[in-house]
Amino acid sequence: MAVNQNHTDNHRGAVFPYGESVLKQSQDVMLSFPQKPEQYLFFNGRKRGTLFLTSYRVIFVTSHTISDLLSSFMMPLSLIRNCTVEQPYFSPNYIKGTITAMPDGGWEGQATFKLVFWSGGAIEFSHLMTQAASAGNKEYCSEVPPCPGGVCNLVRV
């Protein structure tokens, strides 16, 4: 996972490598970290924002109305483990899993994440994420392609 490396300067969009397309975009998602390394303050609290799924990664960008230490985070699909979809009776569905830090990602160790889909879509997002991870592992194993020559796509929230 990389912290604060995948959002635009105005915090209203996501940045990802050129040629990588968005498979799914979900707004009104809340991110929290139930188990986290304590030394990183950007993991504290709950964040609302938009979640993007590409063929290689999940990118979360906090709402531009929120002032937080965490503006964005990127999780390569190859570094997500123990991912499940929970369907509680009286609250929105959510995806829960464990993410391991990637080299030069702004933090070290691993954390448990929880993505709550307030407007629905957790099951569909999870299915697409599983399909993308399966397809990506066949071609790229654990490699996440960088932005070639610094040229990246931009998606506005």
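Here are some notes on the packing and the aromatic rings in this predicted model.

1. A word on conventions before the details. Residue numbers start from 1 along each chain as its sequence is written, and side-chain values use heavy atoms, with hydrogens and water left out. As this is a predicted model, local features need pLDDT of at least 70 and side-chain atom pairs count only at pLDDT 80 or more, while totals for chains, interfaces and linings use all residues.

2. The largest nonpolar core has 28 residues. A core here is a set of buried Ala, Val, Leu, Ile, Met, Phe, Trp, Tyr and Cys residues joined through side-chain atoms within 4.5 Å; buried is under 20% relative accessible area, exposed is over 50%, and partly exposed lies in between (1.4 Å probe, protein chains only). Val58, Phe113 and Leu115 have the most contacts inside this core.

3. Which elements each supply at least two residues of that core? They are strands S3 (22–35), S4 (47–54), S5 (57–62), S6 (72–76), S8 (94–100) and S9 (110–117), plus helix H1 (122–140). H1 gives the most, with five residues. Helices (H or I, at least four residues) and strands (E, at least two) are DSSP runs, numbered from the N terminus.

4. Take a look at Val58. Leaving out residues up to four places away in sequence, Val58 touches Leu51, Phe52, Leu53, Phe73, Met74, Met75, Leu77, Ile80, Phe125 and Met129, where a contact is heavy atoms within 4.5 Å. There is also a second, separate core of five residues, including Phe52, Ile59, Val61 and Met74.

5. On to the rings: the structure holds eight aromatic pairs. Rings of Phe, Tyr and Trp (its six-membered ring) pair if their centres lie within 6.5 Å; planes under 30 degrees apart are stacked, over 60 edge-to-face, and the rest tilted. Tyr40 and Phe43 are edge-to-face, at 6.2 Å centre to centre and 90 degrees between the planes. Phe117 and Phe125 make a tilted pair because their planes are at 50 degrees, with centres 5.5 Å apart. Phe117 is buried at 2% relative accessibility, and Phe125 is buried at 0%.

6. Ring pairs also link Phe33, Tyr40, Phe43, Phe60, Phe73 and Trp107 into a cluster. Within it, Tyr40 is buried at 15% relative accessible area and Phe43 at 1%.

7. Lastly, a charge over a ring: the charged end of Lys114 sits over Tyr94, 4.3 Å from the ring centre. The criterion is NZ of Lys or CZ of Arg within 6 Å of the ring centre and within 35 degrees of the ring normal.
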